[in-house]
Amino acid sequence: MIRETSNFCQFCGAAQHGDEAAVYRAQEPTIVNTVGAQAVANAHKPHSAHKKAKPGIINKKNLCGRAKWSFVIGYLKYTGIIFLLLLGGLIIEPLMSAGALIFYIFTLYIFASLVHGYFYYGIDEYSFNMEYGIIHKKHISIPFDKIHNVNITRTFTDRILGLARIEIETSGNSLFHKNDVIGGNITTAEGMLPGLTLKQAEKVHDILLERRSGAE
């Protein structure tokens, strides 16, 4: 509890070196460490930063870590021609094409990691919120009374990675919302949340439907 270089204990004042310290230890005194006891007590107190969210509230958080690979596969679909050219190049220039292919996959992963790192979602008392984008940040907030439907969808890639996604449709979704690309996936829903575990997706789905019913 004290530094080895200390000459005296800051709790009781006992000498820590020399003959006086040896005699003091031989007496086996009982030392009440009020400072240490208080520190232990404080450690067991619930801290405001670690308080659990209220029921029906999801604090701002990231997607599942496996979403990075889902994004990589999504981007791979849009740049598939490059992938095919590099594969074909393995026959003509194996060494150079192999290096280019590794660099290509690595670049996709780095970009997917950045997209994942800047992707957040949450549910507060009034709406569903999400934000994403590296350079051009996009913030989406959907009030509960505007939610028309909430769907859980799982593509073939999602099932392989053990993921699911939430699609939130609003009453004016088909009329006013343009196609959006999120993580290499095109969606017509106003709010699309990819890269969730199935358990997380079911939780978000149930909360949104319950809040929508309460707002009606």
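**Salt bridges in a predicted model**

Arginine 165 and aspartate 158 form a salt bridge, with their closest N and O atoms 2.9 Å apart; the term means a side-chain nitrogen of Lys or Arg within 4 Å of a carboxyl oxygen of Asp or Glu. The structure holds 3 salt bridges. This is a predicted model, in which local features need pLDDT of at least 70 and side-chain atom pairs count only at pLDDT 80 or more, while totals for chains, interfaces and linings use all residues. Residues are numbered from 1 along each chain as its sequence is written, and side-chain values use heavy atoms, with hydrogens and water left out.

**Pairs of glutamate 131**

- Glutamate 131 forms a salt bridge with lysine 60, where the closest N and O atoms are 3.7 Å apart.
- Glutamate 131 lies in strand β3 (residues 127–132) and lysine 60 in strand β1 (residues 58–61), so this pair ties together parts 71 residues apart in sequence; strands (E, at least two residues) are DSSP runs, numbered from the N terminus.
- Glutamate 131 also forms a salt bridge with lysine 137, the closest N and O atoms being 3.9 Å apart.
- Salt bridges that share partners join Lys60, Glu131 and Lys137 into one network.

**Accessibility of the partners**

- Buried means under 20% relative accessible area, exposed over 50%, and partly exposed in between (1.4 Å probe, protein chains only).
- Glutamate 131 counts as buried at 17% relative accessibility, whereas lysine 60 counts as exposed at 57%.
- Lysine 137 is partly exposed, with a relative accessible area of 30%.
- Arginine 165 and aspartate 158 are both buried.

Definitions and conventions
Helices (H or I, at least four residues) and strands (E, at least two) are DSSP runs, numbered from the N terminus.
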